[in-house]
Amino acid sequence: MNINEQDFFHQATLRICGSLEIDKALLHSFEYLKNFIPLDEMWLVLIDKDIGKLRAVAGADHNGARKMDKIIYLPWTIRNELGKHDFTPKKVNIINRTEDNPLALNLLNSLGYPDSSSLVFSLSTDSNRLSIFVMRATGKDRFSDSHARLVTMLHDPIAIAMSNALRHEELLKLKEDDNKYLVQELRQLAGEEIVGAESGLKNVMDMVHQVAPRDNPVILLGETGVGKEVIANAIHYTSHRKDGPFIKVNSGAIPEGLIDSELFGHERGAFTGAVTQKRGRFERANGGTIFLDEIGDLPLQAQSRLLRVIQQKELERVGGSETIKVDVRIIAATHRSLEKMVAKNTFREDLWYRLSIFPIIIPPLRQRISDIPALIDHFLKRKSRELNFRTIPQIDPGAIDRLMDYPWKGNVRELENMVERALIQYSGGILSFDRFNFFQIEETPVISKSAGKTLTLDEVDAIHIQSVLKETRGKINGVGGAAEILGLHPSTLRFRMDRLGIRYGKIIRTT
Ligand SMILES: Nc1ncnc2c1ncn2[C@@H]1O[C@H](COP(=O)(O)OP(=O)(O)OP(=O)(O)O)[C@@H](O)[C@H]1O
Ligand SMILES: [Mg+2]
């Protein structure tokens, strides 16, 4: 065939580069090129050299073009071939007999066409990503040097078009992920993504639903990391105030001298440095909810102002005399015992009464171990996305049992951190959560002295028995029970506990 090469190049380039969508670009190229060379099918294939994997991402044949995601694993004997293979840019390899070329044989076998001739060339436009373009014609000895020469002319336009199309694909995918992420965030805010809402946190969620539609103050009680903030979010976003502001204040994080002005605002000149008038967070939360985290850290003076907001729904800015009406729902949280603080006069008793109308106690993770697998799954997905993992690693099933046995003193946050650490240390294969993923904090047994006073043997016994019971979550009998660990007969241990005044029940609550 007599071909005007310049015209061929021009027409082919127009078709190849005519679309950003990979399947369309492939189809247009296929339709044009098949007039000049033998052609039954062509594919764009990405190569992952390190793990010896090929991924066919798009293909075109006489029936049309399609995006695809076909993974082709190469046997280790051929992986080395990848390293040796001539991927010199612009060189179009003619493989007329696949049996002569193990890589082509494997590739065409996997794609279902062992008995073909092929033209293969690399599109190394991106140094991180090696991709190859494969053109196939059924039967042996179909390609000649003149075919290869024509295709060589088209190397650059094909390389550019494919690399742009791949980039376009990636952007679309990112956008899709972003959308999914946003939807998920919103769901979480609205309380739908609370793991365990139907199991370990069922009672808590029942209370959330009871209290959300009302305006009364709520106090969230629970150890550190149990999910107090998550529950505060759920209350706000399921309440009629959900479109209003949700203002969070961590009382412990604001210097004591500034907390009044931060919460209630100040007038100009109220104190040195108050050069302008400022609205406080309560005013900014008007029509919405304020979340007072770590309320046990609130100084007494701020407690008095807070009491007034709760009782009269009004406040005065620091240094001001004008009374400002505010309509704010208060959610407070603490991991401290406010009752004990009341007894020590560091927390106002009247404020405690006001806040404790509706306490929600969030149980520690060790009292809802059945939620652990779902939480691990949740954090694996979330953290893999945040760390830009392409796929979510599989977990060793035995690891889940081990994690369910762990005491989780830091609760859900500790579990979340552990998953993140495991992912950061992950180097492929099955995720086993070995001991290196846990914090290695050895507790030194300094129990023979307390506040400088030497303890009696009975006191040391009592402390030790209690700490073992805490580990076994109150279990005395049987395998893994406290009696076994302490090397005592269970009735001996019970007798000793009675004598030392240690109460027993299945769950030992910690204060
Ligand atoms: N039920 C849950 N479902 C999903 N994620 C949760 C759940 N509970 C807690 N988390 C996650 O665990 C982490 C700790 O939760 P959160 O900050 O709400 O705890 P906290 O009780 O406020 O802790 P602290 O007392 O330390 O302030 C957060 O990243 C949160 O998203
Ligand atoms: Mg918190």
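Trainee: Which helix gives the most residues to the shell around ligand 1?

Mentor: That is α14, which supplies four residues of the shell, and please keep in mind as we go on that this is a predicted model. At least two shell residues each come from α8 (228-237), α14 (372-386) and α16 (411-425).

Trainee: And which residues come nearest to ligand 1?

Mentor: The shell has 17 residues, and those that come nearest are Thr224, Gly225, Lys228, Arg413 and Glu416. Sorted by kind, the shell holds eight nonpolar, four polar and five charged residues.

Trainee: What polar atoms lie by the oxygen atoms of ligand 1?

Mentor: A polar backbone atom of glycine 225 is 2.9 Å from an oxygen atom of ligand 1, and a backbone N or O atom of valine 230 lies 3.1 Å from an oxygen atom of the ligand. From the side chain of arginine 413, an N or O atom is 2.7 Å from an oxygen atom of ligand 1. As for cover, the ligand taken alone exposes 630 Å², and the protein buries 89% of that.

Trainee: Changing topic, what does methionine 207 touch?

Mentor: Methionine 207, which is found in helix α7 (residues 202-211), touches Phe358, Pro359 and Ile360, if we leave out residues up to four places away in sequence. Methionine 207 and phenylalanine 358 are 151 residues apart in sequence, yet their C-alpha atoms are 9.0 Å apart in space.

Trainee: Why does methionine 207 count as partly exposed?

Mentor: Its relative accessible area is 26%, and the partly exposed class runs between the 20% limit for buried and the 50% limit for exposed, so methionine 207 belongs there.

Trainee: Is aspartate 260 buried or exposed?

Mentor: Aspartate 260 counts as buried, because its relative accessibility is 10% and the buried class is anything under 20%. This residue lies in helix α9 (residues 259-264), and its contacts beyond four places in sequence are Gly265, Gln301, Ala302, Arg305 and Val318.

Trainee: What about the loops, where is asparagine 388?

Mentor: Asparagine 388 sits in the loop between α14 and α15 (397-405), and it is exposed, with a relative accessible area of 67%. Its phi is positive, near 60°, although the residue is not a glycine. Most residues other than glycine have a negative phi.

Trainee: And what is the phi of tryptophan 408?

Mentor: Tryptophan 408 has a positive phi of about 50°, and its place is the loop between α15 and α16. Tryptophan 408 counts as buried, at 0% relative accessibility.

Trainee: To finish, how many helices and strands does the chain have?

Mentor: The chain has 19 helices and 15 strands, and 43% of its 511 residues count as buried. Among contacts between residues at least 6 apart in sequence, 65% join residues at least 24 apart. The chain exposes about 27300 Å², of which carbon and sulfur atoms supply 51%.

Definitions and conventions
Residues numbered from 1 in each chain as written. Chains lettered and ligands numbered in written order. Predicted model: local features only at pLDDT ≥ 70, side-chain atom pairs only at ≥ 80, totals over all residues. Heavy atoms only, no water. Near = heavy atom within 4 Å. Polar contact = N/O pair within 3.5 Å; in protein donor to acceptor, adjacent residues only side chain to side chain. Areas by Shrake-Rupley, 256 points an atom, 1.4 Å probe, with all protein chains shown as cover. Nonpolar A, V, L, I, M, F, W, Y, C, P; charged D, E, K, R; others polar. Buried < 20%, exposed > 50% of the residue type's maximum accessible area, 1.4 Å probe, protein only. Contact = heavy atoms within 4.5 Å.
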